[in-house]
Amino acid sequence: MMTKIRNANKSNANRLRILKFAQRPELVTFILLILCFWVSTIISPYFLDAGYILDSTTLYNEFGIMAIAMTFIIIAGQIDLSVASMMTLVSCLTAMIFHAGVPMGIALVLGLLIGIGLGMINGALVAFLDLPPLIVTIGTMALFRGVAQIFIGDHSLSDFPSWFVGVDKFVIPGTDIPWTLILFLILALGMGLLLSKTKFGRHVYAIGTSENAAKYAAVPVKRQKMILFALSGLFAAIGGMLTMSRLAVVRYDMALGGELDIITMALLGGTDINGGKGTMLGTVIGMLVLTLMRTGMSVARVKIQYQMAIMGALLIISIIIPNIVRYIRDRND
Amino acid sequence: MSGEQKAIKAKRSIYFKEIGTLLMIAVITIITTSIQPAFLSAGSIRSILLYIPMPIIVSMGMMMVILSGNIDLSVGSMVGFSAIMVGMIIRDNPEFPVWAAFVLSTLIGLGLGMFNGLLVSVLSIPAIIVTLGTLNLYRGLLFIIGGGRQIDPNHIPRSMIALAQKSPIFNIPWIVIFAAIFAIATWVFMKYTHSGKEIYAVGSNSQAARLRGISVNKIIFMVYSITGALSGFAGMVYAARNGYINPSNTGYGFEFVVISAVIVGGTSINGGSGSVLGTVLGCFLLAVIHTALPVLGVSGLWQQAIYGFIIILALVMDKTVQNNQMKQVLKRGVRV
């Protein structure tokens, strides 16, 4: 009798565990990842080349790195539409500082600081003036790219030192794994631990779940928001420098519309747009899905404008899927 | 403070905002004229008049969307989409009447807006995600359907281009008169109809509005549909004014213009407060800046940065005014 009950409990617990696992938002993304892979291989047999796929990740690692910071921001219930513009402005200013005669190394450090500064402008407006992040970053999205346009005009800057150019071509010796992918994964791992294992990370979730409750629980909400937006600026600067190195040229219209890809990566990974939920693992899988999808479309020679439509639809779908999953879960309960 | 006094106070603060916008227009005009007296010419006035119709028409819808506490980033793509669709019909059927082109374009825009509205209201997906998605979706679709080809000036009917040149009424271009009609119609709609009042109610407090028996979803669906229809109409205004329709240029980045116009016009970004007059003044302010820049010898490259700067400036000013009002109320003490 007792064993029977124990066994029943055990199988129940097992079932619960499986159910809980099945309801993790990352699982949907993971299935999507496999689906993307499968469809891409059907479209083009050449797709099944590990070297090619790894090489193509270098195109999206930059956005992936920015999506890491975006994950923090969205979990905290905020949004940053200005990331792609920050990235462009930082790259343009770094290039101009270099062309003004400053050594490249120092220019890069200054660029990172500029990135943090731009992020802090957003942060100050959102945290200390208590303005809604959506409209603030719509404003700075136009402002930052506009400033880049003022500084650099319609032409481009290049002629960087040879050691700086072509970061995407560096691979781990003997393999096809590019260093930028490793950098992305290391940053994701580090920031993922920060998000899930530290007080800082818990505060992010607390602010996203209920800002008022967080305030009463003595979470330094303003400081936290400030740090998050500065982080977004810093990661945008890193992304900008990688792009600069890969393209060997900067223009004011680089990464135009990149915020779409970045936000899609975070949301595909199951991060809740209303805040309070999300994981770094999800964002990493989201980034891989996006890379595979974009690469698959490029291999299948889908035009860039078609890709734009598909990415737009994907962003909306990435929100509808978790809504449906939640609906089914609520009905099961 | 009684409810009535509160209402009066709210009204006064709105007028205050409109006077602020008017002051900014005056200051910019005076500064520009003192540097370059040629600014006060018939040419500048004409340039301002030709600039405002599109922003005014679309910002009437955007104002309602922001009033209801949402946002629509896809207006530029809706303008481009409906303009290209109708442009293709005009290209293939030169006999297609101009009025029908306007009606058709409005209907196409209405459809796009309804899709936005459906996703935001019924599926309750956040407005920012829906419209960021459709911003790209519609722009991509217009390339797919339109084949990425421009509608050239010789395919746009002469009578349509004439709409941006003259009219029997003081020779003010027809498109300006259209814009004025839309602004007045919106004013009447917001002031004298239930639905108009309900937009304010939803934006101020959607929970309370729901308890009051207002169908919040219906209102949100309505404002997005209206914005779509107005964007569709604006697509033809673009064709009339510019004499061509380009798949990548038409409406590109237009959302920044419209959002800056609405916000600088005193509409509260938290929803619930704003006026047609303010929004129209906001459009005029942008038009004056747009016209003043080349007169001052500032390159067109500054345009985008200025829109961004205006949005931020208007937000900060609005917040400062709000904080001051709050302080005054607190100082006087709250009497219920």
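How many residues does the contact take from chain A, and how many from chain B?

Reply: The model shown is a predicted one. In it, the contact takes 36 residues from chain A and 38 residues from chain B. On the side of chain A that touches chain B, at least two residues each are supplied by helix H6 (133-152), helix H11 (258-268) and helix H13 (304-332) of chain A. The largest share of that side comes from H6(A), with 14 residues. By kind, the residues of the side of chain A that touches chain B comprise 26 nonpolar, nine polar and one charged.

The nonpolar residues of the model may be considered next. The largest nonpolar core has 204 residues, and those with the most contacts inside it are Met66(A), Met70(A), Ile57(B), Val237(B) and Ile311(B). Helix H11 (residues 216-242) of chain B gives the most to this core, namely 16 residues. As for Met70(A), leaving aside residues up to four places away in sequence, its contacts are Asp80(A), Val83(A), Ser232(A), Ile262(A), Ile263(A) and Ala266(A).

Chain B, the partner in the contact, may now be described as a whole. Its secondary structure consists of 14 helices and zero strands. The C-alpha trace of chain B spans about 70 × 55 × 35 Å along its principal axes. A compact globule of 336 residues would have a radius of gyration near 20 Å, and the 20 Å of chain B agrees with this. Of the 336 residues in chain B, 50% count as buried. Where contacts in chain B join residues at least 6 apart in sequence, 81% of them link residues at least 24 apart.

Helix H3 (residues 53-67) of chain B has 15 residues, which at 1.5 Å a residue should span 21 Å; its end C-alpha atoms are 21 Å apart, in agreement. After H3(B) comes Gly69(B), whose phi is positive, near 85°.

Methods
Residues are numbered from 1 along each chain as its sequence is written. Chains are lettered from A and ligands numbered from 1 in the order in which they are written. This is a predicted model: local features need pLDDT of at least 70, side-chain atom pairs count only at pLDDT 80 or more; totals for chains, interfaces and linings use all residues. A nonpolar core is a set of buried Ala, Val, Leu, Ile, Met, Phe, Trp, Tyr and Cys residues joined through C-beta atoms within 7 Å. A residue is buried if 20 or more other C-beta atoms lie within 10 Å of its own, exposed if 12 or fewer, and partly exposed in between; C-beta atoms are placed from the backbone. Helices (H or I, at least four residues) and strands (E, at least two) are DSSP runs, numbered from the N terminus. Two residues are in contact if their C-beta atoms, placed from the backbone, lie within 7 Å. Ala, Val, Leu, Ile, Met, Phe, Trp, Tyr, Cys and Pro count as nonpolar, Asp, Glu, Lys and Arg as charged, and the others, Gly among them, as polar. The radius of gyration is taken over C-alpha atoms; the globule rule is 2.2 Å times the number of residues to the power 0.38. The expected span of a helix is 1.5 Å times one less than its number of residues.
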